[in-house]
Amino acid sequence: MSEPRGTEPSEPEGITQRLPVLDTSETGTGPDRSAPAAEDGTPPVPDGEGGREARFWSARRVPAGIVALLLLGLAGLFLYDIASVRADRPVMGWRRELARQLADRPLDDIWVLVGAGVAAALGLWLLILATTPGLRHVLPMWRTHADVRAGLDRKAAATALRDRAMEVAGVQSARVRVRRRRADVRAVSHFRELDEVRTDLDAVLTDAVRGLGLSRTPALSVHVRRPGRKE
């Protein structure tokens, strides 16, 4: 008996069929495997993402909480005094004395100047806190995804650079201090020529600094000395 037209012959059961594979390199839907890593050691950044990141902003919960509590207490005290006056009770003594002092003392009085200086200092402190990001110990890293931000603690970065410096032949000890724009390395060499040790440290630490993946690569400063000499 012949099979009806328009129908495919059924495959025997138990036979595995090979499914077609979609070539993502042509459609562009898969990950971009053609973008090589950067030559300086930094991770590759997708198009339209990444770039130099700004510093992390601190929430500053403690200063905000202190200011909020002070303002709440002062406002509650004034509100209580005003409500007492409305209830035909005498004004609190501290508010009467404050009003008298403000009315009697001249503007060039020492206590008026001190109070104005303290108020100005507190206001300047609050303005600085409001306009600066804070979190100086966290170094921003390159952003490889739009929704993810990463940061590296300065002490962790210094520890990583110190470990790499100790791998160099001739280095007896090393101290590393990482700042926002500079990494200071002070090493002690007990053998080999200092110039050779310094050259090896420059090469190793330059690669290590780039490998940290920081948004702003800090400049490297290397100092090598013999044991027993003052820096």
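**Fold and nonpolar surface patch of a predicted chain**

Along the sequence, the chain runs through the pattern α-α-α-α-β-β-α-β-β-α-β, which comprises six helices and five strands, where helices (H or I, at least four residues) and strands (E, at least two) are DSSP runs numbered from the N terminus. This is a predicted model, in which local features need pLDDT of at least 70 and side-chain atom pairs count only at pLDDT 80 or more, while totals for chains, interfaces and linings use all residues. Residues are numbered from 1 along each chain as its sequence is written, and side-chain values use heavy atoms, with hydrogens and water left out.

**Burial and contacts**

- Of the 231 residues in the chain, 20% are buried, a class that means under 20% relative accessible area, with exposed over 50% and partly exposed in between (1.4 Å probe, protein chains only).
- Among the contacts (heavy atoms within 4.5 Å) with a separation of 6 or more, 60% are between residues 24 or more positions apart.

**Surface**

- The chain exposes about 17,500 Å², of which carbon and sulfur atoms supply 58%, with areas from the Shrake-Rupley method and a 1.4 Å probe; for residues, only the protein chains shown count as cover.

**Nonpolar patch**

- Leu 74, Leu 77, Phe 78, Ile 82, Trp 94, Leu 98 and Leu 102 make a nonpolar surface patch of about 620 Å².
- Helix H2 (61–86) and helix H3 (93–104) each supply at least two residues of this patch, and the largest share, four residues, comes from H2.
- Leu 98 lies in helix H3 and counts as partly exposed because its relative accessibility is 40%.
- Patch residues have over 30% relative accessible area and no salt bridge, and nonpolar side chains (Val, Leu, Ile, Met, Phe, Trp, Tyr) are joined within 5 Å, like charges within 9 Å; a salt bridge is a side-chain nitrogen of Lys or Arg within 4 Å of a carboxyl oxygen of Asp or Glu.
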